[in-house]
Amino acid sequence: MIFTTHTTKSGFLLPSIHSAPPFFTEQPNPATQAIATDHWIRLILGYARHRKLFFLKVEDAETSSNDWDEVLKNERINRKVLPSHLSYVLEAMVKKNVAVYEPSKQTRTVMLYWRTPEEWAETLHNWASSTGQLTTILTYYDITDPPVESELTGIPVPLLKKAIAILAKAGKAQVIGISEGEGVRFFAGN
């Protein structure tokens, strides 16, 4: 059997392992399962970055017509990831710090770190600098839904808060209480 890459409708290039039927099931050999899990993690994070997706739910393996169909299913070989297998992969992602359960205290939905919070902090500070937002007080909404779309458009507030906390610790941002809740002011930094 020849395994081939495949380009999805959204333009994402699926790796050849995605055309291997065993890839879609948990493997009894722990070493084989570890390799497959690492492939799943890279695939999920790459696809999330490509589509700018921040959340993955176990339910995405159970339902059709969602943002994850192109990755969690392969109709060419009549395979799909079972919810229990996806749950295992999500747990592995959390253990590797490339995802967190969001909201916390549940294990069915993760927020994906296709960029680490530190990378988001750098992106956020670069955005504030390049758009002339330094020393301006901004709401989280101003950042996540700006008038001109940016790399930060749609970033989940919990992830935004982590990035801001990193900047605040470095002296490049300050969280401020405002009438709408919380806001942030960015500084040039050191």
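Predicted model: local features only at pLDDT ≥ 70, side-chain atom pairs only at ≥ 80, totals over all residues.
**View 1. Helix H1 meets helix H3.** Let us begin with two helices, H1 (residues 30–51) and H3 (residues 83–95), whose axes come within 10 Å and cross at roughly 80 degrees. On the H1 side, look for Gln33, Thr37, Trp40, Ile41, Ile44 and Leu45; they meet His85, Leu86, Tyr88, Val89, Ala92 and Met93 in H3. Sorted by kind, the residues of this contact are nine nonpolar, three polar and no charged.

**View 2. An open sheet of three strands.** The strands here follow the order E3-E7-E6, and their pairing is antiparallel. E3 (55–57) and E6 (99–101) stand at the edges with a single partner strand each, so one side of each is left without a neighbour in the sheet. On average, neighbouring strands are turned by 30 degrees against each other, direction ignored.

View 3. E6 and E7 (residues 109–112) pair in the antiparallel sense over three bridges. To find your place, pick out Val100, which stands opposite Met111 in E7. Helix H3 from the opening view returns here: H3 lies across E3, E6 and E7, running at about 110 degrees to E6.

View 4. The structure holds eight salt bridges, and two of them are shown here. Side chains of opposite charge can pair when their charged atoms come close. Arg51 pairs with Asp67, their closest N and O atoms being 3.3 Å apart. Because Arg51 lies in helix H1 and Asp67 in the loop between E3 and helix H2 (69–72), the pair ties together parts that are 16 residues apart in sequence. Arg51 is partly exposed, at 30% relative accessible area, and Asp67 is partly exposed at 40%. Arg108 and Glu59 also meet in a salt bridge, at 2.8 Å from N to O. Arg108 sits in the loop between E6 and E7 and Glu59 in the loop between E3 and H2, so this pair joins parts 49 residues apart in sequence. Glu59, Glu62 and Arg108 are linked in a network of salt bridges.

**View 5. Glu182 and Lys161 form a salt bridge.** Their closest N and O atoms are 3.7 Å apart. Glu182 belongs to strand E10 (residues 181–186) and Lys161 to helix H6 (residues 157–169), 21 residues apart. Glu182 is partly exposed at 35% relative accessibility, and Lys161 is partly exposed at 40%.

Note on methods. Residues numbered from 1 in each chain as written. Heavy atoms only, no water. Axes fitted to C-alpha atoms, helices over the stretch in contact; angles between N-to-C directions. Helix = DSSP H or I, 4+ residues; strand = E, 2+ residues; numbered from the N terminus. Contact = heavy atoms within 4.5 Å. Nonpolar A, V, L, I, M, F, W, Y, C, P; charged D, E, K, R; others polar. Pairing = 2+ DSSP bridges. Salt bridge = Lys/Arg side-chain N within 4 Å of Asp/Glu carboxyl O. Buried < 20%, exposed > 50% of the residue type's maximum accessible area, 1.4 Å probe, protein only.
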